[in-house]
Amino acid sequence: SSILDFAARYAKHKKNGRVFHFDKQGRLESWNNVIDDQWYGLAVTCTPAGTVRSVATHAANKVVGLSRSWRASDGALSYALEHDASGAITAHLDATPELARRPDELCRPTRCDIDAAPDLSGLPRGISVPAAR
């Protein structure tokens with residue numbers, strides 16, 4: 001039998017929108033926002049149990065802004081980092097309750113919407129984003 005590896009929308013031979021990746025059992029493994037085959041906006045990695053493993057914001061395939069990861073063993077925040085527009089780490093952030101909250105709802109979408117507009121809310125100011133197709 002065939003298992004769906006990923007779901008995406010293509011425009012002019014390039015991925016655009018939200019790309020969803022699935023494991024061999026068909027569970028959501030990750031998703032990210034893409035404009036013309038480049039990562040822009042939020043990217044989420046999920047555990048097989050449907051909880052968030054990591055979240056990060058991207059621009060032109062580089063991690064920018066905030067990135068966070070949680071331990072698989074106990075779900076505690078492993079790290080929270082701030083990245084500049086070039087992708088360099090500028091700060092290791094303290095685990096405030098807001099940063100430590102694991103947004104598991106991101107790994108439990110009611111629908112895998114490949115036409116969703118990229119979530120660009122975490123991009124640092126001054127980063128230009130190409131128009132989505």
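Some ground rules come first. Because the model is predicted, local features need pLDDT of at least 70 and side-chain atom pairs count only at pLDDT 80 or more, while totals for chains, interfaces and linings use all residues. Numbering starts from 1 along each chain as its sequence is written, and side-chain values rest on heavy atoms, with hydrogens and water left out.

The sheet is open and has eight strands in the order 1-2-3-4-5-6-7-8, with antiparallel pairing. Strands here are DSSP runs of E with at least two residues, numbered from the N terminus, and two of them pair if DSSP finds at least two bridges between them. Strand 1 and strand 8 (89-92) sit at the edges with a single partner strand each, so one side of each has no neighbour in the sheet. On average, neighbouring strands are turned by 10 degrees against each other, direction ignored; the axes behind that angle are lines fitted to C-alpha atoms, and angles run from 0 to 180 degrees between N-to-C directions.

Two of the pairings can be spelled out. Strand 2 (residues 14-22) and strand 3 (residues 28-35) are antiparallel and share six bridges, with Gly17 opposite Val34 of strand 3. Strand 7 and strand 8 also run antiparallel, joined by three bridges, and Leu81 has His92 in strand 8 as its bridge partner. Five residues lie between the strands of this hairpin, where Gly87 takes a positive phi near 100 degrees.

Positive phi turns up in non-glycine residues too. His13, in the loop between strand 1 and strand 2, has a phi of about 65 degrees. With 78% relative accessibility, His13 counts as exposed. For accessibility, buried means under 20% relative accessible area, exposed means over 50%, and partly exposed is in between (1.4 Å probe, protein chains only). Asn61, in the loop between strand 5 and strand 6 (62-70), has a positive phi near 70 degrees and is partly exposed at 42%.

Beyond its neighbours within four places in sequence, Phe6 is in contact (heavy atoms within 4.5 Å) with Val19, Phe20, His21 and Phe22. From Phe6 to Ile127 the C-alpha distance is 28 Å, across 121 residues of sequence.

His58, in strand 5 (residues 52-59), is buried, with 9% relative accessibility. Setting aside neighbours within four places in sequence, its contacts are Trp39, Tyr40, Gly41, Ala43, Val63, Val64 and Leu123.

His58 also takes part in the largest pocket: together with Ala43, Thr45, Ser54 and Ala56, His58 lies nearest the centre, among 17 lining residues. A pocket, found on a 1 Å grid over the protein atoms alone, is an open set of points where a 1.4 Å probe fits, with protein on both sides within 12 Å along at least five of seven lines; lining residues have an atom within 4 Å of a point. The largest pocket holds about 160 Å³ of space, a volume being the space filled by probe spheres set on the points, which are joined across faces, edges and corners. Strand 3, strand 4 (38-46), strand 5, strand 6 and strand 7 (77-83) each give at least two residues to the lining. By class, the lining has eight nonpolar, eight polar and one charged residues, where Ala, Val, Leu, Ile, Met, Phe, Trp, Tyr, Cys and Pro count as nonpolar, Asp, Glu, Lys and Arg as charged, and the others, Gly among them, as polar.

Methods
Helix = DSSP H or I, 4+ residues; strand = E, 2+ residues; numbered from the N terminus.
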